[in-house]
Amino acid sequence: MKQNLIMFHELSAGSAFWLPHGARIYNKLISFIKEHYWKRGYDEVITPNVYNLDLWHQSGHAMHYKDAMFCFDVEGKEWAMKPMNCPGHCLMFAGKIRSYRDLPLRYADFGVLHRNELSGALSGLTRVRRFQQDDAHIFCREDQIEEEVIGALDFMKSVYTTFGMTYKLELSTRPTKALGEVELWDRAEAALARAMDTFAGKGGWRENPGDGAFYGPKIDIKVMDAMERVHQCATIQLDFQLPIRFDLQYNTGSKEKGNEFARPVMVHRAMLGSVERMFAVLCEHYGGKWPLWLSPRQVMIIPVHKDWNDYCQEVRDKLHDEGFYADVDLSKSTFQKKVRSAQVDQYNFQLVVGGKEVENGTVNIRTRENKVEGEKKVDELIVYLKAMRAEYK
């Protein structure tokens with residue numbers, strides 16, 4: 001709370017209020033994933049927040065999950081707020097005739113989700129009632145599973161390498177109460193194993209027998225933060241059951257009777273998981289010292305004397321126009337106190353301005369660690385900061 005990023009209130013227990021600086025980080029995490037979506041062939045979709053409960057009966061969630069859903073009456077029928085996106089994506093897939101040429105389809109959705117967690121189970125940002133996920137579902141042919149899983153693993157690696165985190169992979173296989181044909185499970189598990197061998201090398205992952213979901217095998221990704229604590233955030237799961245429940249099919253292009261249509265395989269995957277939970281993990285991972293690209297407080301400009309306030313404001317406006325979070329300390333505090341306050345607030349850079357800097361069109365740069373980097377033209381500084389941001393530093 002020292003950085004004033006979020007707050008909670010008893011009138012909406014389990015739902016965070018994102019203060020301006022917290023919202024900057026939250027939105028940056030989402031835009032970071034969206035940049036990957038653009039490069040990796042995902043299509044972002046927007047789906048409803050509320051559905052007739054019939055949808056959740058069809059998906060099977062109502063049977064196992066209804067107590068954790070916010071349900072309410074709409075004109076005599078039971079509706080609910082969505083706790084996950086997958087059934088809505090199934091409706092979109094089923095909305096038109098699909099060809100084998102259309103696959104894979106990669107639907108990404110940042111829709112707001114609600115789960116009716118018991119008040120005693122709520123815990124900060126790690127167990128909440130309102131959250132968003134970097135949720136995506138890939139509809140593919142069985143022969144595309146391996147390639148899609150390798151792509152998802154590469155996506156995961158890129159994300160966690162950017163965060164400076166390491167990870168371990170586990171393949172969770174068919175549980176006792178699995179649904180579906182054993183042969184299909186065997187083929188899917190073999191495809192996942194080949195994908196993991198290709199990605200991590202033989203011996204670069206371990207098997208977790210019998211710990212798969214009832215609807216398909218999954219890859220559990222355990223990530224380690226700077227303190228070597230383990231977090232379960234990213235996930236890649238195969239699903240054979242939702243395509244059956246929603247009677248999803250695509251035209252195979254075959255003329256052979258009985259083989260004209262086939263059922264797609266659905267891949268559930270998330271890189272961050274819950275954005276709220278990942279935010280909490282990153283707060284501790286970075287210890288509040290956010291890298292520039294993710295920082296809600298990037299630059300503080302400090303005039304040595306009030307005579308240079310107007311110049312400082314001009315520099316701030318230039319930085320703002322280039323998309324940087326920049327502030328000017330116009331308080332009556334001493335110079336040393338201004339520098340110290342900016343460091344305590346975890347501004348990545350302090351730009352000190354005196355008469356010489358105004359005359360030369362420059363700023364004098366100090367880092368958060370109080371390292372003096374010297375004088376630099378404002379335009380040169382902007383190029384430097386842009387390069388850092390582009391490289392996720």
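A crossing of two helices is left-handed if the near helix is turned anticlockwise from the far one by less than a right angle, and right-handed if clockwise. The views below come from a predicted model, in which local features need pLDDT of at least 70, side-chain atom pairs count only at pLDDT 80 or more, and totals for chains, interfaces and linings use all residues. Residues are numbered from 1 along each chain as its sequence is written, and side-chain values use heavy atoms, with hydrogens and water left out.

**View A. Helix α1 packs with helix α5.** α1 passes α5 in a right-handed crossing. The angle is about 145° and the axes of α1 (residues 20-40) and α5 (residues 145-163) lie 12 Å apart. Axes are lines fitted to C-alpha atoms over the stretch in contact, and angles run from 0 to 180 degrees between N-to-C directions. Helices (H or I, at least four residues) and strands (E, at least two) are DSSP runs, numbered from the N terminus.

**View B. Residues in the contact of α1 with α5.** From α1 come L29, F32, I33, H36, Y37 and R40; from α5 come G151, D154, F155, S158, V159, T162 and F163. Contact means heavy atoms within 4.5 Å. By class, the contact has seven nonpolar, four polar and two charged residues. Ala, Val, Leu, Ile, Met, Phe, Trp, Tyr, Cys and Pro count as nonpolar, Asp, Glu, Lys and Arg as charged, and the others, Gly among them, as polar.

**View C. F32 pairs with Y392.** The whole structure holds 21 aromatic pairs. Rings of Phe, Tyr and Trp (its six-membered ring) pair if their centres lie within 6.5 Å; planes under 30 degrees apart count as stacked, over 60 as edge-to-face and the rest as tilted. The ring centres of F32 and Y392 are 5.2 Å apart and the planes stand at 65°, so the pair is edge-to-face. F32 sits in helix α1 and Y392 in the segment after α12 (378-390), 360 residues apart.

View D. Most residues other than glycine have a negative phi, and most peptide bonds are trans. A cis peptide bond joins L103 and P104, with omega about 5°. Q346 is not a glycine, yet has a positive phi of about 65°.
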